[in-house]
Structure formats: structure tokens, C-alpha cells
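Here is my note on the chain you sent. Please read the points against the sequence and the coordinates.

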Amino acid sequence: MKELMILMMSVMILLGIMKFSFNYKNLLVSLLILEYKVLIMFLMLYMCLSFCMFENYFLMMYIVISVCESVLGLSILVSMIRTHGNDYFQGFNMLQC
């Protein structure tokens, strides 16, 4: 049972990495895929800490840090939409900023 869960988690992470590498047209979808990978890693950490009988204080710190990075990504998305009008990477030039 434990091996099956580890296999499923690794397949989910690989699918997230593949989707992130093949989808680079807009920022919102990229941020959603990154959040997917963060949640999968959270689930893996929870299972690992539960099997090893450790405390779950590290999980709370992990969630706080992941919320901070998602807020930063959302603020970048909002500022990009305000300045350029959309969130497509092809619609703006990095050298103009």
C-alpha cells in the first residue's frame, strides 16, 4: 500500500513537471501548475511525517511559505495584467520593463 502511494505521488509530480514545461503561454496556468506541485509535495511530506511518527510543525511552516510564494506570484500576475493588458508571455517584451 505504501509503495503504491509513493508511485502515485511520483507519477503526479512527473505529470506536473511535464505540464509545466510544455505550457508556457500564459502566467496564470503556469502559476496554477506550480501550486499543484506544491500541494502534491505537501501531501508527500504529510505521509512521510505520519509514517515516521514525527510532529507536524514542519507542515505548518511549509504551508505558510507556500502561501507566501503564491501571493507573490498572484501579485506579479496582477501587475503584469495592469501594465500589459494580458498574461500571455508573447504579448510583452522583457527589455521594456
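1. Basis. This is a predicted model, in which local features need pLDDT of at least 70 and side-chain atom pairs count only at pLDDT 80 or more, while totals for chains, interfaces and linings use all residues. Residues are numbered from 1 along each chain as its sequence is written, and side-chain values use heavy atoms, with hydrogens and water left out.

2. Elements. The protein chain has 3 helices and 0 strands, in the order α-α-α from the N terminus. Helices (H or I, at least four residues) and strands (E, at least two) are DSSP runs, numbered from the N terminus.

3. Burial and surface. Of 97 residues, 21% count as buried (under 20% relative accessible area; exposed is over 50% and partly exposed in between, with a 1.4 Å probe and protein chains only). The chain exposes about 7,600 Å², of which carbon and sulfur atoms supply 76%; the areas come from the Shrake-Rupley method with a 1.4 Å probe, and for residues only the protein chains shown count as cover.

4. Contact range. Among contacts (heavy atoms within 4.5 Å) with a separation of 6 or more, 49% join residues 24 or more positions apart.

5. α1 with α2. The axes of α1 (residues 2-22) and α2 come within 9 Å and cross at roughly 160°; axes are lines fitted to C-alpha atoms, for helices over the stretch in contact, and angles run from 0 to 180 degrees between N-to-C directions. The pair is therefore roughly antiparallel (over 145 degrees). On the α1 side the contact includes M5, M9, I13 and F20, and on the α2 side L34, I40, M44 and F51. By class, this contact has 14 nonpolar, 2 polar and 3 charged residues; Ala, Val, Leu, Ile, Met, Phe, Trp, Tyr, Cys and Pro count as nonpolar, Asp, Glu, Lys and Arg as charged, and the others, Gly among them, as polar.

6. α2 with α3. Helix α2 (residues 27-51) packs against α3 (residues 57-84) at an angle of about 180°, with the axes 11 Å apart. These two helices are therefore roughly antiparallel as well. The contact has 17 nonpolar, 3 polar and 2 charged residues; among them are L31, V38 and F42 of α2 and Y62, I63 and L77 of α3.

7. I13. Residue I13 lies in α1 and is partly exposed, with a relative accessible area of 22%. Leaving aside residues up to four places away in sequence, I13 touches I40 and M44.

Note on methods
Parallel < 35°, antiparallel > 145°, perpendicular 65-115°, else oblique.
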